[in-house]
Amino acid sequence: MRTIFATLAVLILAVLPVAAPWLQFVLTLAIAKGFAALGVAVLLRAGLISIGHAMFFAASAYGVAFLARAGIHDFGLLLILSVLAGALVGAVAGSFLVRYRAIFFAMLNLAVSMVFYALCAKLYSVTGGTDGMPVPVPAVFGIVFAEPVFKNVLFYLSLGLMVLVGVSVQRYLNSPLGHALSAVHTNEIRLEYLGIPVWAVLLIAYVISAALAGLGGAIAGFAIGRVVPDFAFWTASGHLVLIAVLGGIGGVPGAFIGALFLELLHSAAVTVTDSWNLIVGITLIVVIMFMPQGVYGLFARREVSSL
Amino acid sequence: MLNAIIPLLLDSLASAALIFFAAVGLTLVFSVLRVLNVAHGSLYSIGGYVAASICLFIASRQLNPYLSFAALLFSAVFVAAIFGPLIERSLVRWTYGKSEPVQILVTFGLFLILEDLQRMIFGVQSFYEDAPMRLLGTLTIGGVVYLNYQILLIGMALLVVIGLRLLINHTRLGRLITAVVTDREMAQSIGIDTNRIFILAFSLGVFLAALGGALATPTSGIAPGLGADTMVLAFAVAAIGGLGQIEGAAVASLIVGVARVLAIYLVPSLDAVAPYAAMLVVLLIRPYGLFGSMTARRI
């Protein structure tokens with residue numbers, strides 16, 4: 001039943017840009033942010049809130065830009081290498097960050113991401129400063145498309161990746177390793193008495209979440225065609241947490257539902273008002289107060305995790 | 001070399017003093033309410049906007065320019081009186097006893113709302129009113145020119161540290177606050193009105209943030225995005241000092257000020273990185289900050 005719903009939702013997504021071409025960019029960006037929010041949601045399961053995941057989002061996006069500058073033009077290679085770069089940054093940062101909990105974890109993630117942000121903005125000769133770096137149109141499986149065609153191809157590739165990665169992450173969350181995350185949230189000392197190394201559980205989750213954020217960042221870089229330091233600013237990290245919570249951290253679809261909901265609301269709202277943050281802020285507070293399981297909680301039958 | 005460094009130091013310390021006002025409010029609110037208010041930076045910039053508006057009004061009516069000093073103080077009191085009780089009663093109170101992600105997200109939502117409200121009310125242009133700074137003039141020692149206003153800022157920061165310490169150690173309200181910080185339930189059970197303490201402490205935090213914003217108007221002006229920038233800096237300073245530590249925030253702003261001077265002097269392009277790098281180093285060595293104390297792990 002749920003598989004049917006999910007398939008139907010993906011099919012509708014696939015058809016939407018044919019009916020309304022302007023939606024294609026919005027949806028690509030929503031999927032990209034959905035990946036990153038999924039990364040944040042993985043950590044939220046363990047009760048860890050990261051206000052710094054925009055760093056990995058930006059790291060991979062910059063990775064694409066740097067690799068493209070270095071002469072790599074294959075889409076697949078760029079994507080894999082940049083996600084690996086994001087995961088690597090995640091492994092380095094995670095190796096010391098997962099020792100911390102609660103507010104300290106949040107603060108340290110913020111500190112690391114702001115160092116990254118400031119470096120991107122200030123090292124003008126390397127990163128182009130606040131002007132950012134261009135992301136050229138790559139070749140997809142050896143075929144070089146014109147830019148509008150590439151954007152279409154990018155959308156369907158992202159959609160495919162969403163299903164593929166979504167299923168994998170769902171499997172991860174349902175594995176003992178994934179269940180250990182919720183156990184960390186409930187009582188991590190009990191977990192250690194059971195002989196499960198909390199540090200390793202969290203580090204694996206951290207690297208996975210960084211890679212997911214990186215995947216999102218790489219797709220966003222391709223879709224926008226430019227990478228700027230603002231990708232890594234702390235408010236961007238805040239938005240990722242917001243999307244994760246809005247959708248609900250209970251399952252994989254939550255992050256993507258949250259991202260779609262927010263991006264569609266955004267495109268609808270900008271036609272009426274420019275006070276977009278006001279709407280998001282109110283929505284966020286209402287969702288947290290009245291629907292702690294997120295929008296996804298409305299559909300889920302089983303008991304799902306909430307904050 | 002000293003001639004180059006001392007004005008630079010004064011400049012950095014003056015901006016560190018401004019951040020200190022925001023950070024000490026943040027730290028105070030955290031220690032009493034145990035909520036990290038992500039919207040704190042917005043209250044700083046709101047204080048700045050209100051102060052700039054009143055100062056510009058004074059200038060346009062050609063009233064006595066010295067009134068603008070009163071205006072700076074008044075705008076901080078005004079913002080605290082309106083936003084303090086309002087935010088504490090409506091949003092922050094709801095998050096007591098909830099998990100950190102919930103607290104951070106609710107105040108992040110508030111931050112988004114306040115940022116847009118400021119944009120709607122004050123527009124996107126930057127405000128700049130330097131009458132108070134010009135009135136105070138400059139001071140020349142050994143051929144180096146100092147802005148008196150900057151010295152005033154540093155003096156004010158010292159005054160706030162001493163004032164807060166006196167308030168907490170030597171007044172009835174301060175003792176009540178200490179009691180609530182030490183053991184909230186016990187304080188409640190012996191009849192302390194904790195709700196009142198929460199409102200007062202939160203409003204005091206808002207006052208300090210707004211005061212910082214108001215005092216910043218004459219030197220650096222107010223522009224959109226200031227709230228977000230101030231928030232992370234205040235956060236960094238509060239974290240270096242140890243969340244909940246007043247003197248810690250003061251020492252931390254000194255460290256951040258000096259770190260910036262060193263960065264400007266050695267690697268000018270990296271001055272913006274200095275505060276966060278300092279925060280990172282301190283938190284990695286002492287995650288609870290320089291003056292903070294370790295809390296036990298939950299069992």
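Colleague: Before we look at anything, what counts as a helix or a strand here?

Modeller: Helices (H or I, at least four residues) and strands (E, at least two) are DSSP runs, numbered from the N terminus. Keep in mind that this is a predicted model: local features need pLDDT of at least 70, side-chain atom pairs count only at pLDDT 80 or more, and totals for chains, interfaces and linings use all residues. Residues are numbered from 1 along each chain as its sequence is written, while chains are lettered from A and ligands numbered from 1 in the order in which they are written.

Colleague: Okay, so how much of residues 153–173 of chain A is helix?

Modeller: That stretch is 100% helix and 0% strand, with its end C-alpha atoms 30 Å apart. An unreviewed UniProt entry lists residues 153–173 of chain A as a "transmembrane region", and 103–124 is also among them. UniProt positions use the numbering here, feature names are shortened, and annotations may be inferred rather than shown by experiment. For residues 103–124 of chain A, the chain is 95% helix and 0% strand, and 33 Å separates the end C-alpha atoms.

Colleague: How do I read the span of helix α5 of chain A?

Modeller: The expected span is 1.5 Å times one less than the number of residues. Helix α5(A), residues 102–122, has 21 residues and reaches 30 Å from first C-alpha to last, close to the expected 30 Å.

Colleague: And why is α5(A) called largely enclosed?

Modeller: Count neighbours: a residue is buried if 20 or more other C-beta atoms (placed from the backbone) lie within 10 Å of its own, exposed if 12 or fewer, and partly exposed in between. In α5(A), 18 of the 21 residues are buried, so the rest of the structure largely encloses it.

Colleague: Which residues does Met156(B) touch?

Modeller: Two residues are in contact if their C-beta atoms, placed from the backbone, lie within 7 Å. Met156(B) sits in helix α6 (residues 148–170) of chain B. Leaving aside neighbours within four places in sequence, Met156(B) is in contact with Ala17(B) and Leu215(B). Met156(B) is partly exposed, because 19 other C-beta atoms lie within 10 Å.

Colleague: How many residues does each chain bring to the contact between A and B?

Modeller: Chain A gives 38 residues and chain B gives 37. On the chain A side, the largest share, 14 residues, comes from α5(A).
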